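Subject: Structure handover and findings

Hello,

Here is the structure we talked about. Please have it open while you read; my notes follow below.

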Amino acid sequence: MQAIKILATGSYLPPKVLTNFDLEKIVDTTDEWIRTRTGISERHIVDEKTTTSDLAFEAAKIALDNAGLKPSDLDAIIVATASPDTIYPSTACWVQKKFNIPGIPAFDISAACSGFIYGLTVSASLIESGKYKHILLCGAEVMSKVVNWEDRETCVLFGDGAGACIIGKSEDGSSGIISSCLGADGTLGELLIQPAGGTRMPASHDTVDKKLHSVHMEGKEVFKHAVRTMGSTGERVLKEAGMTADDVDIYIPHQANMRIIEATCKRVKMPMSKVHIIIHKYGNVPAASIPLALDDAVRANKIKRGDIVLTTGFGAGFTWGGMVLKW
Ligand code: UT7
């Protein structure tokens with residue numbers, strides 16, 4: 001076991017709530033379609049001036065407070081996001097500026113919905129190196145500024161929000177990562193993509209007119225891969241941990257679609273009663289969905305020290321990751 005500990009969690013949602021009924025007034029959709037096809041009833045969205053780093057900063061302040069630490073106690077800042085403030089500087093650097101703690105390393109993880117699990121894996125290695133005592137890991141998204149509000153197939157799915165964790169060493173060795181895996185398949189990148197704005201398709205009048213700076217997704221294909229990969233990743237980390245679903249106290253999946261979560265649970269034989277669901281109230285909040293669900297579960301007293309936590313994620317890239325943690 002990698003003896004690291006999630007010392008505390010925090011989360012932040014922008015106050016404005018957009019319901020499915022609100023969306024009925026924006027695109028040709030219905031509350032019934034969105035709820036039955038995705039499990040989503042509402043999501044939070046930011047106002048015009050709020051950025052991804054603003055949400056990460058708010059979540060991070062709560063996590064630090066819950067850990068009983070000051071910003072100056074941090075040794076590194078990592079932000080997992082698919083909707084950064086700017087391509088560079090990283091969103092982590094903007095968070096660092098807000099805390100006014102120059103000097104420590106700050107960087108983003110670009111692995112879409114799997115970003116938090118990638119970030120936790122990197123954080124664990126940094127902690128194990130002995131050079132870093134306290135790492136701030138955030139998953140933060142402002143998807144409302146990168147979806148095409150005329151595309152009903154994508155705009156109804158996503159939400160904004162941030163979750164944060166403070167990660168440190170498990171001093172008594174009682175907490176840690178029992179098993180983990182990361183993976184990616186770049187050959188399937190076109191299936192879920194924000195096509196323009198990088199060097200591949202620099203911003204132009206044409207890219208703006210064609211709405212190529214927003215999310216493009218082959219929903220059905222992504223769905224199939226998500227079900228298959230979330231299931232196989234869950235099975236793999238459980239097997240490597242020498243466990244079955246019976247040993248798991250709580251399962252925190254990435255939350256893109258309730259039907260994907262149900263299919264994954266079937267595959268890993270996980271009763272739905274062990275799954276902590278937030279998709280109905282937050283929508284798909286890519287890299288933020290796992291830390292938001294973790295914090296939600298902690299606040300609901302559904303996770304206590306010593307519990308076995310399974311988490312799995314899947315997203316654009318494609319990327320995926322899974323972990324069995326002792327909390
Ligand atoms: O975060 C990780 C990555 N993301 C995901 O994992 C998402 C994966 N994909 C999905 O969750 C699902 O594929 C969607 C929720 C995006 C779509 O669900 P679906 O069951 O695959 O629907 P569909 O794309 O097959 O569409 C079924 C019908 C179509 O109409 P026709 O062709 O049957 O007449 C769509 O045009 O539903 C229509 N439709 C809608 N109707 C009302 C698509 N979007 C909407 C909508 N409201 N918002």
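Buried means under 20% relative accessible area, exposed means over 50%, and partly exposed is in between (1.4 Å probe, protein chains only). By that rule histidine 254 is buried, with a relative accessible area of 3%.

Two notes on the source. This is a predicted model: local features need pLDDT of at least 70, side-chain atom pairs count only at pLDDT 80 or more, and totals for chains, interfaces and linings use all residues. Residues are numbered from 1 along each chain as its sequence is written, and side-chain values use heavy atoms, with hydrogens and water left out.

Domains

The domain assignment, automatic or from a database, gives domain 1 (4-169) and domain 2 (176-326). Their C-alpha centres lie 14 Å apart. The contact between them (heavy atoms within 4.5 Å) takes 50 residues from domain 1 and 46 residues from domain 2.

Ligand site

Where does the ligand lie relative to domain 1 and domain 2? Both domains give residues to the shell around the ligand, so it lies between them. The shell counts residues with a heavy atom within 4 Å. It holds 23 residues, and the closest are Thr29, Arg37, Lys220, Asn257 and Asn284. They divide into 11 nonpolar, 6 polar and 6 charged.

Helices and strands here are DSSP runs, numbered from the N terminus: H or I of at least four residues for helices, E of at least two for strands. Helix H2 (31-38), helix H6 (152-155), helix H8 (219-240) and helix H9 (258-268) each supply at least two shell residues. The largest share, 4 residues, comes from H8.

The side chain of lysine 220 has an N or O atom 2.4 Å from a ligand oxygen. For tryptophan 33, a side-chain N or O atom is 3.1 Å from an oxygen of the ligand. Arginine 152 uses its backbone: an N or O atom there lies 2.9 Å from a ligand nitrogen. Taken alone the ligand exposes 950 Å², and the protein buries 76% of that. Accessible areas come from the Shrake-Rupley method with a 1.4 Å probe; for residues, only the protein chains shown count as cover.

Helix H11 (residues 289-299) is mostly covered, with 9 of its 11 residues buried. Aspartate 295 is in this helix. At 3% relative accessibility, aspartate 295 counts as buried. Its side chain makes a polar contact of 2.8 Å with the side chain of arginine 299. Leaving aside neighbours within four places in sequence, aspartate 295 is in contact with Thr9, Gly10 and Ser11.

Glycine 283 is in the loop between helix H10 (279-282) and H11. It is buried, at 1% relative accessibility. Its C-alpha is 8.1 Å from that of histidine 44, 239 residues apart along the chain.

Backbone points to check

- The peptide bond from tyrosine 88 to proline 89 is cis, with omega near 0 degrees.
- Glycine 317 and phenylalanine 318 are also joined by a cis peptide bond, with omega about -15 degrees.
- Asparagine 100 has a positive phi near 55 degrees, and is exposed at 61% relative accessible area.
- Lysine 269 has a positive phi near 60 degrees, and is exposed at 67%.

Best regards

Terms used. A polar contact is a pair of N or O atoms within 3.5 Å; within protein, one must be able to donate a hydrogen and the other to accept it, and residues adjacent in sequence count only if both atoms are side-chain atoms. Ala, Val, Leu, Ile, Met, Phe, Trp, Tyr, Cys and Pro count as nonpolar, Asp, Glu, Lys and Arg as charged, and the others, Gly among them, as polar.
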